[in-house]
Amino acid sequence: MILVTGGAGFIGANFVLDWVRETGEPLVNLDALTYAGNRENLSSLANDARHVFVHGDICDRALVDRLFVEHRPRAVVHFAAESHVDRSIHGPGDFVRTNVEGTFTLLEAARAYWSALDGDAKAAFRFLHVSTDEVYGSLGPNDPAFTETKAYEPNSPYSASKAASDHLVRAWHHTYGLPVLTTNCSNNYGPYQFPEKLIPLMIANALAGRPLPIYGDGRNVRDWLYVGDHCAAIREVLVRGRVGETYNVGGWNEKPNIEIVQTICALLDELRPDPAGPHGRLVTYVADRPGHDRRYAIDARKIERELGWRPAETFETGIRKTVAWYLENQDWVAHVQSGEYRAWVDRNYGQREGSST
């Protein structure tokens, strides 16, 4: 039995589904079901006894303690986080609470549980913290990719809160001996991603004939990682990662945002042509967001060298799978695009109307 936090969100749900399919080991899934958490992501496990879902908050120490006592997990995989930069700009308090206070609460509960274990159970226990490449800051066009020893330089409330959580995890290992592992991943994409993030937002807007808003000049660069590859990497780190170590997980796919959008438009032109014309006509440049990091790039050689993991998907294969999934799951998209979601999109992008180029 393992304990997963945030397992109804995008990456967490993909991990839970893959975990049950690939390992068959039971898990407890603790999720607060905020706007980005969705039980519908886990509908295929509705009657599966290997998946125990608990609706609750990682900041609730009594609840977390009870889950440790009742289920006695051999590991924690910690996804639960507020994760969208734009939302962190509008409301940073939620990010500090969940990402910093929540991680602290979970670490303390895990430490109490682990300290009371004996022998092999204590030696085998692991706390795996899932983080982001955004903690490393921004790169220039010719700077080397982020390695695990790169100094932290977070530039948004989101990345600052994740950096704080990373530091807590490190400190709980060095101070208390808690057997931790940390992964820092690049931008994920794939099934079940909430349509505020770039790729699902572009797919949803294009299908609806709405503008495709591109920040600034569209040349901000990210490394893109298919979510299934990320889940496989986490499983490898949990099994064979060295305690106390950090592993960067990337897709070796550095691409500017405008190229991502152009690729999506081309796929939609092929798979779901619009009688009104090519989807690229909908591209709209909007004012850049505050503090927008120019480039991220992950150096994933450490996890490849030590654990033998490499991404199975190229960007071309992964993005085709992703677009096809959204086309086949339009009911899911409609369900998650609530009134609150639409209001947030209008608030975030409506203030940025007009070309910035």
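Trainee: Which residue lies over the face of Tyr296?
Mentor: The model is predicted: local features need pLDDT of at least 70, side-chain atom pairs count only at pLDDT 80 or more, and totals for chains, interfaces and linings use all residues. Numbering starts from 1 along each chain as its sequence is written, and side-chain values use heavy atoms, without hydrogens and water. A charge sits over a ring if NZ of Lys or CZ of Arg is within 6 Å of the ring centre and within 35 degrees of the ring normal. At 3.9 Å from the ring centre of Tyr296 lies Arg222.

Trainee: Which residues form one aromatic cluster with Tyr296?
Mentor: Rings of Phe, Tyr and Trp (its six-membered ring) pair if their centres lie within 6.5 Å; planes under 30 degrees apart are stacked, over 60 edge-to-face, and the rest tilted. The cluster that holds Tyr296 also contains Tyr136, Phe146 and Tyr152.

Trainee: How many aromatic pairs are there, and what is the angle between the planes of Tyr189 and Phe315?
Mentor: The ring-centre rule gives 18 aromatic pairs. Tyr189 and Phe315 form a tilted pair, 5.4 Å from centre to centre, and the angle between their planes is 55 degrees.

Trainee: How many residues apart are Tyr189 and Phe315?
Mentor: Helices (H or I, at least four residues) and strands (E, at least two) are DSSP runs, numbered from the N terminus. Tyr189 belongs to strand β7 (residues 187-189) and Phe315 to helix α11 (residues 315-328), so the pair links distant parts of the chain. Their separation is 126 residues.

Trainee: Is Tyr189 buried or exposed?
Mentor: Buried means under 20% relative accessible area, exposed over 50%, and partly exposed in between (1.4 Å probe, protein chains only). The relative accessible area of Tyr189 is 1%, so Tyr189 is buried.

Trainee: Which residues of strand β6 lie on each side?
Mentor: Strand β6 (residues 180-185) is mostly covered, with six of its six residues buried. In a regular strand, side chains alternate between the two faces of the sheet. Both faces of β6 are covered, with Val180, Thr182 and Asn184 on one side and, on the other, Leu181, Thr183 and Cys185.

Trainee: Which residue in β10 is the bridge partner of Thr182?
Mentor: Two strands pair if DSSP finds at least two bridges between them. Six parallel bridges join strand β5 (residues 126-132) to β6, and four parallel bridges join β6 to strand β10 (residues 246-249). In β10, the partner of Thr182 is Thr246.
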